[in-house]
Protein chains: 2
Amino acid sequence: MSVRAGIVVTGTEVLSGRVADRNGPWVSERLGELGCETSHIICVGDRPGDLRSALAFLRDAGVDLIFTTGGLGPTADDLTAEIVAGFAGRELVLDEAMERRITEIVAGFARRMRFDPEGLREGTRKQAMVPEGALALDPAGTAPGLVVATDGPVVVVLPGPPRELQAMWPAAVAAPPVAAVLVDAGSYAIATMKMFGVPESTLAKTLREIERTIDLTPLEITTCLRRGAELEIDVRYRESEVELRDSLFLALRERHGRFVYTERGETIDALVAQLLAGRSIAVAESCTGGLLAARLSALPGASGYLKGGVVSYSNEAKIDLLGVPARLIEREGAVSPPVAEAMATAARERFGADLGVGITGIAGPGGGTEEKPVGYVCICVLDGAGNLLARDPQLPGGRDDVRDRSVSVALHMIRRLLIGEDLPV
Amino acid sequence: MSVRAGIVVTGTEVLSGRVADRNGPWVSERLGELGCETSHIICVGDRPGDLRSALAFLRDAGVDLIFTTGGLGPTADDLTAEIVAGFAGRELVLDEAMERRITEIVAGFARRMRFDPEGLREGTRKQAMVPEGALALDPAGTAPGLVVATDGPVVVVLPGPPRELQAMWPAAVAAPPVAAVLVDAGSYAIATMKMFGVPESTLAKTLREIERTIDLTPLEITTCLRRGAELEIDVRYRESEVELRDSLFLALRERHGRFVYTERGETIDALVAQLLAGRSIAVAESCTGGLLAARLSALPGASGYLKGGVVSYSNEAKIDLLGVPARLIEREGAVSPPVAEAMATAARERFGADLGVGITGIAGPGGGTEEKPVGYVCICVLDGAGNLLARDPQLPGGRDDVRDRSVSVALHMIRRLLIGEDLPV
């Protein structure tokens, strides 16, 4: 790729590790879609010198675009505009139209919050200072963005709050100096195939095999394992290489087709939601403690298919609320395939749903035995027509991993039941 | 602070934004605890030149330590050891003891996974190549870490998988070349006060007021707003400044004491878990769809207090499973304070718990009305002794924010009920 960008994320909270940066990855993904490669993402604190040196480093690395995020607030330690002006060799000047605009924006809010008017005026004026000749982008919150041409890269200054940054993005990439650079990036497309249950090393071997007969070099292939079992294969390609991408996907399907659950990049959550259209589901959870219900209810419109769930964390709850026979729990243990099935049946019946799911397992760190160690989880998905899928995997990782992966396995089992297939072995 | 470090995170997935980096923030936080300041966190891809230039940049920026993460795997694009060797001006040599060690580690795993033995031998040999004179750190997975002294900074090479990196960390900071640098960092302590319900701008004003009577410059104060309402105040200080820290906390308590929920940095989740010792809780959730139960069950030992929960996503579930009167739902609406209270009561009774919680609200994006817009949430927490807290806030943000913040408000209400207080206004 010919166009390269660097991203500078400012903020002491991010640098100290207190807050996870959401802007760097987001901007990088968007740039990738535009055919522009990110060379570095650099996090710096609020010290002027460190921001200045990061800008100079990226210029020396030869990037065409620099995106900065954060440091546009009204307080004294928000220094990005000033430092970028210095970097570009420009003076900071007051943009009076912008000052009026920000004043309007904050007026109602400031009244409600009873802000001190003098402090407010000062802050507004500071936020309306832009490098001479720069293009100011309309604020999504109160801070305007900036597009500043320099002798080297074009610098795009964006606000720190992710919602504001994302709202401003279309205007930033459409700004003439940015658009002029991006036009050279050419148009890339991304296709994503996802498999459930294929080890990463197996896929690496498969890709090496495929390469013996197909030259894959025009494609940029990235593989990524998520939640321990979902393997994503991202392919970036120029539109002219669409047939090569098809050949790759065909070759992957020939070898691992049974494990592929999408070639269009959707999440398993979205696929399950689509398949549930016109049907309903209810869940009974023990070790996952509500996480499956939470994922099933995360997408808008979930009330169309999710009837509800029971978190039967205690044995009494399994017996009293779900009607799992006490004898069964005694004989098989609360973590056992028959109890998972009884929970799934009860969930379906209690909520009058088409599908029922039961999960019971040992999330740890305590509670494991030699026979049923931490990570042992029993999952059952069934409907009213006699279809039933059951699994009792031994899942790796700590408590959070076991809980999260149990939910993932359950979602893939739900999908398989809905399309009338079993999980492949 | 006198000791500064830079962190270089390698990995195309991280750089492209597909995967969030967990290592940079984690290492930065640990360094902060050791009194060492992070100057930059730089994410680079798998291109050798970009890693090389990042190392040179950090050396030129004058850091004392560089930590790299990732790029230690057995495949050809894992280049970190080689590039760091070049940066330090050393040859890569085979560490035969390490080769035997890795061979032992992977033996069982490789048998189970039916790995190709020749590829395995190659990979193992590659992972056992270390820069001459460097200190190899025992692998937590299969990749050894490295400590490499240079003319400039000491470079510490760590593996990419967070669990492996974290397992190796104690050995990395105890390695003599690293320990020798860190000894100059001096000992810093961190104290964290957290408030619920104080706006960030109010706190900023308070801090300015306090500064008029107390010189706070020896303290490094960072404030951070989480989940929309939890305000964290982190104070880093030398042990000799402990009285100044006490004066600051006293001054903050004088002004906002009723909103402070911890001065020891615990999460609200941990505080609620401690307060629930010897008591039990059950929940009924609508819009949060299991998220409250999931948070209450996230900590080890949750089965000691969490009886269970019902996700009554549909009205039928509220009526049939919880016994909320259909009339009440009809008259007041499913999202109303009386229904939240009926849900809390039912949860308590159905599960035989000491405390009951009910949440019903409009998470959006659909379902809002003028009277009850998206973000309107009714929460009730009660016990069997007649204590009851009820709130119906209008929460900002999208669907995920509304759900997440509802759970946060509920947890703070649970804490207040358990300590016999109401939420302050």
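The model is a predicted one, in which local features need pLDDT of at least 70 and side-chain atom pairs count only at pLDDT 80 or more, while totals for chains, interfaces and linings use all residues. Residues are numbered from 1 along each chain as its sequence is written, and chains are lettered from A and ligands numbered from 1 in the order in which they are written.

**Chain A as a whole**

Chain A holds 16 helices and 17 strands, where helices (H or I, at least four residues) and strands (E, at least two) are DSSP runs numbered from the N terminus. Its C-alpha trace spans about 80 × 65 × 40 Å along the principal axes. Of the 425 residues of chain A, 47% count as buried; a residue is buried if 20 or more other C-beta atoms lie within 10 Å of its own, exposed if 12 or fewer, and partly exposed in between, with C-beta atoms placed from the backbone.

**Two copies and their contact**

Chain B can be laid on chain A with an RMSD of 0.2 Å by a turn of 180° and a shift of 0.1 Å along the axis, which is the relation of a two-fold axis. The superposition is by least squares on the C-alpha atoms of residues with pLDDT of at least 70 in both copies. In the contact between the chains, 58 residues of chain B meet 59 residues of chain A, two residues being in contact if their C-beta atoms, placed from the backbone, lie within 7 Å. Strand S2 (residues 37-44) of chain B gives the most to the side of chain B that touches chain A, with 7 residues. Strand S2 (residues 37-44) of chain A pairs with S2(B) in the antiparallel sense over 5 bridges, and Ile41(A) stands opposite Cys43(B); two strands pair if DSSP finds at least two bridges between them.

**Strand pairs in chain B**

| Strands | Sense | Bridges |
|---|---|---|
| S9 (188-196) and S11 (230-238), chain B | antiparallel | 9 bridges |
| S13 (281-285) and S15, chain B | parallel | 5 bridges |
| S15 and S16 (377-383), chain B | antiparallel | 7 bridges |

An open sheet of 4 strands in chain B has the order S10-S11-S9-S12, with antiparallel pairing. Strands S10 (220-226) and S12 (260-262) of chain B stand at the edges with a single partner strand each, so one side of each is left without a neighbour in the sheet.

Strand S15 (residues 355-361) of chain B is mostly covered, with 7 of its 7 residues buried. Leu355(B), Val357(B), Ile359(B) and Gly361(B) point one way from S15(B), whereas Gly356(B), Gly358(B) and Thr360(B) point the other way. Gly356(B) stands opposite Ala282(B) in one pairing and opposite Leu382(B) of S16(B) in another.

The largest nonpolar core has 131 residues, of which Val357(A), Val381(A), Ala410(A), Val357(B), Val381(B) and Ala410(B) touch the most other members. Such a core is a set of buried Ala, Val, Leu, Ile, Met, Phe, Trp, Tyr and Cys residues joined through C-beta atoms within 7 Å. Not counting residues up to four places away in sequence, Val381(B) touches residues including Leu355(B), Val357(B), Ala410(B) and Leu417(B).
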